[in-house]
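Work through these exercises with the model open beside you. Try each task before you read its solution.

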Amino acid sequence: MTETISYPKGAILDAWSDSEWNDGVQIDQMEELTTLAVQTSNTLYEITVLNGHTGEVLVRGGEFFPMRTPVRLEGSTCGGSILKRHGIYVGLRMEIVPQPVEVVSRVENDPTAGKKEILLGHKVITTSSIQSIGIVI
């Protein structure tokens with residue numbers, strides 16, 4: 001018996017790099033104060049671009065952002081470690097970092113080496129899959 005493992009097309013590096021990226025937007029190429037309506041599987045988000053080059057936006061929608069909240073939009077992902085920086089694309093998930101950045105750390109023990117490793121990161125909110133994107137006028 002053969003076991004079949006399925007992956008989203010975008011999760012394969014060749015498909016990711018060969019993509020034409022025509023089903024979304026890059027906020028770093030948008031005018032400041034452009035407002036987007038982004039519908040995910042679960043929520044309608046209103047995103048206003050403050051500085052697309054740094055990813056600074058105002059977001060409203062969902063349980064985390066009931067009113068306009070300044071955040072940093074890192075980009076979109078398939079849920080793995082590959083990120084389309086400052087992009088919002090249908091079928092992917094947005095990664096949003098609340099401001100100010102909350103640094104999260106934990107210590108892991110490596111019993112074979114007898115060393116402790118401190119892992120640093122920041123709190124990221126990953127939305128559900130993006131269904132559609134529109135510009136609000």
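Predicted model: local features only at pLDDT ≥ 70, side-chain atom pairs only at ≥ 80, totals over all residues.

**Exercise 1.** Find which backbone oxygen lies 2.7 Å from a polar atom of the side chain of T34.

*Solution.* Look for a backbone oxygen 2.7 Å from one of its polar atoms: it belongs to E31. Now place T34 itself. T34 sits in the loop between β1 (24–26) and β2 (35–40).

**Exercise 2.** Decide whether T34 is buried or exposed, then list what T34 touches beyond four places in sequence.

*Solution.* Take the relative accessible area of T34, which is 16%. Buried means under 20%. T34 is therefore buried. Next, set aside residues up to four places away in sequence. T34 then touches I47, T48, V49 and I135.

**Exercise 3.** Describe the whole chain: how many helices and strands does it have, and what share of its residues is buried?

*Solution.* Count the elements: one helix and twelve strands. Of the 137 residues, 31% are buried. Turn to contacts with a separation of 6 or more: 48% of them join residues 24 or more positions apart. Finish with the surface. The accessible surface is about 9,100 Å², and carbon and sulfur atoms hold 51% of it.

Notes. Residues numbered from 1 in each chain as written. Heavy atoms only, no water. Helix = DSSP H or I, 4+ residues; strand = E, 2+ residues; numbered from the N terminus. Buried < 20%, exposed > 50% of the residue type's maximum accessible area, 1.4 Å probe, protein only. Polar contact = N/O pair within 3.5 Å; in protein donor to acceptor, adjacent residues only side chain to side chain. Contact = heavy atoms within 4.5 Å. Areas by Shrake-Rupley, 256 points an atom, 1.4 Å probe, with all protein chains shown as cover.
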